[in-house]
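Please read them with the model open.

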Amino acid sequence: MSVDIKKRFDRIVNILIQLQSKRVIRAQELSDRFEVSLRTIYRDIKSLEQAGVPIIGEAGTGYSIMEGYKLPPVSFSKEEALSFVATEKLTQKFLDKESAKQYGSAMLKIKSILKNHDKDLLSTVESQIIMREQSMPPFLEQVPHALSSTLESISLQKQLVVKYQGIQDNEGRLRTIEPIGIYHDGGFWYIVAYCLYRDDFRQFRSDRIQEASLTDQNFSKKHISIAEYIEKHRQTNQPKTRIKLLVANRLANYLKWERKHYGFVSEKNVGDFIEMTFESRDIENEFPRWLMMFADFVKILEPVELKRNLTTLLQRSIENQSN
(Lines give C-alpha, C1' and ligand atoms only; values in the text may rest on other atoms or scores of the structure.)
Protein backbone atom coordinates (compact mmCIF):
# COMPACT_ATOMS: atom_id res chain seq x y z
CA MET A 1 0.00 0.00 0.00
CA SER A 2 1.47 3.36 -1.01
CA VAL A 3 1.94 6.13 1.55
CA ASP A 4 -0.80 8.30 -0.04
CA ILE A 5 -3.31 5.44 -0.15
CA LYS A 6 -2.58 4.50 3.47
CA LYS A 7 -2.92 8.15 4.51
CA ARG A 8 -6.30 8.39 2.84
CA PHE A 9 -7.42 5.07 4.33
CA ASP A 10 -6.46 6.25 7.84
CA ARG A 11 -8.27 9.54 7.29
CA ILE A 12 -11.47 7.80 6.14
CA VAL A 13 -11.38 5.51 9.19
CA ASN A 14 -10.94 8.54 11.43
CA ILE A 15 -13.81 10.33 9.70
CA LEU A 16 -15.96 7.31 10.52
CA ILE A 17 -14.90 7.61 14.17
CA GLN A 18 -15.75 11.32 14.12
CA LEU A 19 -19.21 10.52 12.76
CA GLN A 20 -19.66 8.09 15.65
CA SER A 21 -18.67 10.72 18.22
CA LYS A 22 -21.24 13.41 17.32
CA ARG A 23 -24.86 13.46 16.25
CA VAL A 24 -24.10 15.86 13.38
CA ILE A 25 -20.73 17.02 12.13
CA ARG A 26 -20.09 19.60 9.42
CA ALA A 27 -17.74 19.05 6.53
CA GLN A 28 -15.84 22.21 7.52
CA GLU A 29 -15.09 20.69 10.95
CA LEU A 30 -13.65 17.60 9.28
CA SER A 31 -11.71 19.72 6.84
CA ASP A 32 -10.15 21.74 9.67
CA ARG A 33 -9.38 18.67 11.76
CA PHE A 34 -7.64 16.71 9.01
CA GLU A 35 -6.21 19.78 7.24
CA VAL A 36 -7.57 18.86 3.83
CA SER A 37 -9.89 20.62 1.40
CA LEU A 38 -13.67 20.39 1.55
CA ARG A 39 -13.56 18.65 -1.81
CA THR A 40 -11.42 15.89 -0.28
CA ILE A 41 -13.87 15.48 2.60
CA TYR A 42 -16.80 15.20 0.20
CA ARG A 43 -14.91 12.50 -1.70
CA ASP A 44 -14.12 10.59 1.50
CA ILE A 45 -17.76 10.76 2.64
CA LYS A 46 -18.78 9.38 -0.75
CA SER A 47 -16.33 6.48 -0.28
CA LEU A 48 -17.93 5.64 3.09
CA GLU A 49 -21.39 5.67 1.50
CA GLN A 50 -20.20 3.38 -1.26
CA ALA A 51 -18.81 1.03 1.39
CA GLY A 52 -22.31 0.71 2.86
CA VAL A 53 -22.21 3.16 5.73
CA PRO A 54 -25.69 4.81 5.90
CA ILE A 55 -24.73 8.50 6.14
CA ILE A 56 -27.49 11.10 6.38
CA GLY A 57 -26.92 14.67 5.24
CA GLU A 58 -25.29 16.57 2.46
CA ALA A 59 -22.57 19.09 1.70
CA GLY A 60 -23.18 22.48 3.32
CA THR A 61 -25.36 21.17 6.18
CA GLY A 62 -23.86 18.30 8.10
CA TYR A 63 -23.45 14.55 8.24
CA SER A 64 -24.60 11.87 10.66
CA ILE A 65 -24.86 8.09 10.73
CA MET A 66 -28.34 6.58 10.60
CA GLU A 67 -29.49 5.71 14.11
CA GLY A 68 -29.33 2.02 14.89
CA TYR A 69 -26.49 1.30 12.50
CA LYS A 70 -24.00 -0.96 14.27
CA LEU A 71 -20.32 -0.27 13.76
CA PRO A 72 -17.46 -2.65 14.59
CA PRO A 73 -15.67 -2.10 17.94
CA VAL A 74 -13.15 0.73 17.96
CA SER A 75 -9.51 -0.32 18.31
CA PHE A 76 -6.78 1.81 19.87
CA SER A 77 -3.11 2.20 19.12
CA LYS A 78 -0.58 1.58 21.91
CA GLU A 79 0.06 5.34 22.19
CA GLU A 80 -3.68 6.10 22.42
CA ALA A 81 -4.13 3.41 25.10
CA LEU A 82 -1.26 4.81 27.18
CA SER A 83 -2.70 8.32 26.96
CA PHE A 84 -5.77 7.04 28.84
CA VAL A 85 -3.66 6.50 31.97
CA ALA A 86 -2.47 10.10 32.21
CA THR A 87 -5.96 11.39 31.45
CA GLU A 88 -7.51 9.25 34.17
CA LYS A 89 -4.95 10.54 36.69
CA LEU A 90 -5.77 14.13 35.70
CA THR A 91 -9.50 13.57 36.19
CA GLN A 92 -8.86 12.33 39.71
CA LYS A 93 -7.10 15.59 40.55
CA PHE A 94 -9.05 18.21 38.62
CA LEU A 95 -12.63 16.90 38.46
CA ASP A 96 -15.13 16.60 41.28
CA LYS A 97 -15.68 13.13 42.74
CA GLU A 98 -18.89 12.44 40.82
CA SER A 99 -17.38 13.39 37.45
CA ALA A 100 -14.23 11.40 38.20
CA LYS A 101 -16.39 8.41 39.17
CA GLN A 102 -18.31 8.58 35.89
CA TYR A 103 -15.09 8.93 33.93
CA GLY A 104 -13.65 5.92 35.74
CA SER A 105 -16.73 3.89 34.81
CA ALA A 106 -16.34 4.90 31.16
CA MET A 107 -12.64 4.01 31.28
CA LEU A 108 -13.46 0.48 32.47
CA LYS A 109 -15.60 0.00 29.39
CA ILE A 110 -12.80 1.28 27.17
CA LYS A 111 -10.22 -0.95 28.85
CA SER A 112 -12.49 -3.97 28.41
CA ILE A 113 -12.02 -3.87 24.61
CA LEU A 114 -8.24 -3.46 24.69
CA LYS A 115 -5.94 -6.26 23.67
CA ASN A 116 -4.35 -8.17 26.57
CA HIS A 117 -0.93 -6.78 25.75
CA ASP A 118 -2.25 -3.20 25.95
CA LYS A 119 -4.03 -3.97 29.23
CA ASP A 120 -0.70 -5.12 30.67
CA LEU A 121 0.95 -1.92 29.47
CA LEU A 122 -1.69 0.21 31.19
CA SER A 123 -1.37 -1.75 34.45
CA THR A 124 2.39 -1.25 34.42
CA VAL A 125 2.26 2.47 33.68
CA GLU A 126 -0.62 3.33 36.05
CA SER A 127 1.51 2.80 39.16
CA GLN A 128 4.27 4.98 37.74
CA ILE A 129 2.16 8.15 37.54
CA ILE A 130 1.51 10.02 40.79
CA MET A 131 -0.54 13.20 41.00
CA ARG A 132 0.10 15.21 44.16
CA GLU A 133 -2.92 16.75 45.83
CA GLN A 134 -3.33 20.51 45.62
CA SER A 135 -2.85 22.50 48.81
CA MET A 136 -6.33 23.91 48.19
CA PRO A 137 -8.68 21.32 46.63
CA PRO A 138 -10.76 22.67 43.71
CA PHE A 139 -13.98 21.31 45.31
CA LEU A 140 -15.28 21.06 48.87
CA GLU A 141 -15.85 17.60 50.34
CA GLN A 142 -19.52 18.31 51.00
CA VAL A 143 -20.17 19.03 47.30
CA PRO A 144 -18.71 16.04 45.40
CA HIS A 145 -20.98 16.77 42.42
CA ALA A 146 -20.53 20.52 41.91
CA LEU A 147 -18.99 20.21 38.45
CA SER A 148 -21.19 17.37 37.21
CA SER A 149 -24.32 19.24 38.39
CA THR A 150 -23.15 22.36 36.55
CA LEU A 151 -22.57 20.42 33.33
CA GLU A 152 -25.97 18.78 33.69
CA SER A 153 -27.55 22.20 34.24
CA ILE A 154 -25.96 23.47 31.03
CA SER A 155 -26.97 20.44 28.98
CA LEU A 156 -30.59 20.39 30.24
CA GLN A 157 -30.96 24.18 30.47
CA LYS A 158 -32.23 23.82 34.04
CA GLN A 159 -31.53 26.29 36.85
CA LEU A 160 -28.96 25.44 39.52
CA VAL A 161 -29.20 26.53 43.16
CA VAL A 162 -25.83 27.03 44.83
CA LYS A 163 -24.73 28.16 48.25
CA TYR A 164 -21.76 30.37 47.50
CA GLN A 165 -19.35 32.15 49.81
CA GLY A 166 -17.60 35.03 48.08
CA ILE A 167 -14.13 36.10 49.14
CA GLN A 168 -15.57 38.95 51.25
CA ASP A 169 -18.58 37.02 52.62
CA ASN A 170 -18.68 35.73 56.19
CA GLU A 171 -20.95 32.86 55.19
CA GLY A 172 -22.41 31.23 52.10
CA ARG A 173 -25.50 32.67 50.42
CA LEU A 174 -28.03 30.86 48.27
CA ARG A 175 -28.08 31.88 44.61
CA THR A 176 -30.15 30.61 41.72
CA ILE A 177 -27.99 30.59 38.63
CA GLU A 178 -28.15 29.64 34.97
CA PRO A 179 -24.67 28.43 33.93
CA ILE A 180 -23.42 29.11 30.41
CA GLY A 181 -19.99 27.49 30.70
CA ILE A 182 -16.94 26.69 32.78
CA TYR A 183 -13.22 27.35 32.51
CA HIS A 184 -10.14 26.29 34.46
CA ASP A 185 -7.51 28.72 35.69
CA GLY A 186 -4.95 28.75 38.47
CA GLY A 187 -5.97 25.33 39.82
CA PHE A 188 -9.69 26.11 40.09
CA TRP A 189 -12.79 25.75 37.96
CA TYR A 190 -14.87 28.87 37.38
CA ILE A 191 -18.57 28.64 36.57
CA VAL A 192 -19.82 31.48 34.42
CA ALA A 193 -23.54 31.90 35.02
CA TYR A 194 -26.45 34.31 34.87
CA CYS A 195 -27.34 35.09 38.50
CA LEU A 196 -31.05 35.74 39.02
CA TYR A 197 -30.34 37.66 42.25
CA ARG A 198 -27.88 40.02 40.57
CA ASP A 199 -29.74 40.04 37.26
CA ASP A 200 -26.37 39.79 35.55
CA PHE A 201 -23.57 37.37 34.76
CA ARG A 202 -21.18 36.33 37.50
CA GLN A 203 -18.24 33.96 37.97
CA PHE A 204 -18.38 31.38 40.76
CA ARG A 205 -15.14 29.71 41.88
CA SER A 206 -15.51 25.98 42.46
CA ASP A 207 -13.91 25.79 45.92
CA ARG A 208 -16.31 28.41 47.29
CA ILE A 209 -19.45 26.44 46.42
CA GLN A 210 -20.83 24.88 49.62
CA GLU A 211 -24.00 23.37 48.13
CA ALA A 212 -25.30 22.69 44.63
CA SER A 213 -28.64 21.25 43.55
CA LEU A 214 -30.26 20.99 40.15
CA THR A 215 -33.88 22.18 39.86
CA ASP A 216 -36.70 21.41 37.45
CA GLN A 217 -37.02 25.09 36.52
CA ASN A 218 -36.04 25.94 32.95
CA PHE A 219 -33.67 28.81 32.20
CA SER A 220 -35.48 32.15 32.29
CA LYS A 221 -34.07 33.25 28.93
CA LYS A 222 -31.65 32.35 26.18
CA HIS A 223 -28.14 33.45 27.08
CA ILE A 224 -25.00 34.30 25.18
CA SER A 225 -22.29 31.64 24.84
CA ILE A 226 -19.32 31.57 27.20
CA ALA A 227 -17.08 32.58 24.28
CA GLU A 228 -19.20 35.70 23.73
CA TYR A 229 -19.16 36.43 27.46
CA ILE A 230 -15.37 36.22 27.69
CA GLU A 231 -14.93 38.46 24.67
CA LYS A 232 -17.40 41.01 26.04
CA HIS A 233 -15.77 40.83 29.48
CA ARG A 234 -12.35 41.43 27.94
CA GLN A 235 -13.57 44.51 26.08
CA THR A 236 -15.37 46.08 29.05
CA ASN A 237 -12.68 45.48 31.67
CA GLN A 238 -10.67 48.39 32.97
CA PRO A 239 -7.65 49.25 30.79
CA LYS A 240 -4.34 47.50 31.35
CA THR A 241 -1.15 49.21 32.47
CA ARG A 242 2.13 48.28 30.79
CA ILE A 243 4.85 47.22 33.25
CA LYS A 244 8.56 46.72 32.64
CA LEU A 245 10.77 44.96 35.16
CA LEU A 246 14.49 44.27 35.28
CA VAL A 247 14.96 40.88 36.93
CA ALA A 248 18.24 39.30 38.05
CA ASN A 249 19.05 36.23 35.96
CA ARG A 250 19.37 33.92 38.97
CA LEU A 251 15.80 34.75 40.04
CA ALA A 252 14.09 34.98 36.65
CA ASN A 253 13.11 31.30 36.55
CA TYR A 254 11.17 31.63 39.82
CA LEU A 255 8.91 34.26 38.28
CA LYS A 256 8.05 31.97 35.38
CA TRP A 257 5.86 29.76 37.55
CA GLU A 258 3.13 32.36 38.07
CA ARG A 259 3.88 35.27 35.77
CA LYS A 260 1.26 34.32 33.17
CA HIS A 261 -1.42 34.92 35.81
CA TYR A 262 -0.16 38.49 36.21
CA GLY A 263 -0.25 39.53 32.58
CA PHE A 264 3.17 38.45 31.30
CA VAL A 265 3.76 39.59 27.69
CA SER A 266 7.41 39.10 26.76
CA GLU A 267 11.03 39.03 27.93
CA LYS A 268 14.50 39.80 26.58
CA ASN A 269 18.06 39.37 27.84
CA VAL A 270 19.85 42.51 29.05
CA GLY A 271 23.32 41.47 30.22
CA ASP A 272 23.05 39.92 33.68
CA PHE A 273 19.34 40.72 33.79
CA ILE A 274 16.13 39.83 31.98
CA GLU A 275 13.72 42.58 31.06
CA MET A 276 10.13 41.37 31.47
CA THR A 277 7.06 43.13 30.16
CA PHE A 278 3.62 42.71 31.72
CA GLU A 279 0.15 44.18 31.23
CA SER A 280 -1.89 44.40 34.42
CA ARG A 281 -5.30 45.78 35.36
CA ASP A 282 -4.38 46.14 39.03
CA ILE A 283 -1.08 47.83 39.86
CA GLU A 284 -2.39 49.11 43.18
CA ASN A 285 -2.81 45.81 45.03
CA GLU A 286 -2.61 42.53 43.12
CA PHE A 287 0.56 43.06 41.07
CA PRO A 288 2.69 44.81 43.74
CA ARG A 289 1.69 42.23 46.37
CA TRP A 290 2.93 39.46 44.06
CA LEU A 291 6.08 41.43 43.31
CA MET A 292 6.89 41.80 47.03
CA MET A 293 8.13 38.19 47.05
CA PHE A 294 10.94 39.11 44.64
CA ALA A 295 11.40 42.80 45.42
CA ASP A 296 15.09 42.53 46.43
CA PHE A 297 16.01 41.10 43.00
CA VAL A 298 13.72 43.22 40.82
CA LYS A 299 13.92 46.79 39.57
CA ILE A 300 10.77 48.47 38.28
CA LEU A 301 11.51 50.36 35.08
CA GLU A 302 7.95 51.57 34.56
CA PRO A 303 5.43 52.82 35.55
CA VAL A 304 6.30 55.19 38.41
CA GLU A 305 2.91 54.47 40.04
CA LEU A 306 3.89 50.83 40.55
CA LYS A 307 7.11 51.90 42.31
CA ARG A 308 5.10 54.07 44.68
CA ASN A 309 2.53 51.35 45.38
CA LEU A 310 5.19 48.73 46.08
CA THR A 311 7.08 51.14 48.37
CA THR A 312 3.86 51.88 50.29
CA LEU A 313 3.18 48.17 50.83
CA LEU A 314 6.74 47.55 52.00
CA GLN A 315 6.56 50.46 54.45
CA ARG A 316 3.28 49.18 55.88
CA SER A 317 4.84 45.74 56.31
CA ILE A 318 7.82 47.20 58.18
CA GLU A 319 5.51 49.24 60.43
CA ASN A 320 3.40 46.20 61.23
CA GLN A 321 6.44 44.17 62.23
CA SER A 322 7.79 47.04 64.34
CA ASN A 323 4.65 47.41 66.45
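1. The model is predicted. A search of the whole structure finds 11 aromatic pairs. Among them are Tyr-262 and Trp-290, which count as stacked because their ring planes are at 5° and their centres 4.4 Å apart. This pair links distant parts of the chain, 28 residues apart: Tyr-262 is in the loop between α9 (249–255) and β9, and Trp-290 is in helix α10 (residues 286–291). Trp-290 has a relative accessible area of 3%, so it is buried.

2. Phe-264 and Phe-278 form an edge-to-face pair, with 75° between the planes and 5.7 Å from centre to centre. Phe-264 belongs to strand β9 and Phe-278 to strand β10, 14 residues apart. Phe-278 is buried, at 0% relative accessible area, whereas Phe-264, at 25%, counts as partly exposed.

3. Both pairs belong to a cluster: ring pairs link Tyr-262, Phe-264, Phe-278, Phe-287, Trp-290 and Phe-294.

4. Strands β9 and β10 are part of an open sheet of 4 strands with antiparallel pairing, in the order β9-β10-β8-β11. The edge strands, β9 (264–270) and β11 (298–302), each pair on one side only. From one strand to the next, the twist averages 25°.

5. Within this sheet, β8 (residues 241–248) and β10 (residues 273–280) pair in the antiparallel sense over 8 bridges. Val-247 has Ile-274 in β10 as its bridge partner.

6. A separate topic is the surface. Phe-9, Val-13 and Ile-17 make a nonpolar surface patch of about 240 Å². Phe-9 sits in helix α1 (residues 3–21) and counts as partly exposed, because its relative accessibility is 49%.

Conventions
Residues are numbered from 1 along each chain as its sequence is written. This is a predicted model: local features need pLDDT of at least 70, side-chain atom pairs count only at pLDDT 80 or more; totals for chains, interfaces and linings use all residues. Side-chain values use heavy atoms; hydrogens and water are left out. Two strands pair if DSSP finds at least two bridges between them. Helices (H or I, at least four residues) and strands (E, at least two) are DSSP runs, numbered from the N terminus. Axes are lines fitted to C-alpha atoms, for helices over the stretch in contact, and angles run from 0 to 180 degrees between N-to-C directions. Patches are made of residues with over 30% relative accessible area and no salt bridge: like charges are joined within 9 Å, nonpolar side chains (Val, Leu, Ile, Met, Phe, Trp, Tyr) within 5 Å. Accessible areas come from the Shrake-Rupley method with a 1.4 Å probe; for residues, only the protein chains shown count as cover. A salt bridge is a side-chain nitrogen of Lys or Arg within 4 Å of a carboxyl oxygen of Asp or Glu. Buried means under 20% relative accessible area, exposed over 50%, partly exposed in between (1.4 Å probe, protein chains only). Rings of Phe, Tyr and Trp (its six-membered ring) pair if their centres lie within 6.5 Å; planes under 30 degrees apart count as stacked, over 60 as edge-to-face and the rest as tilted.
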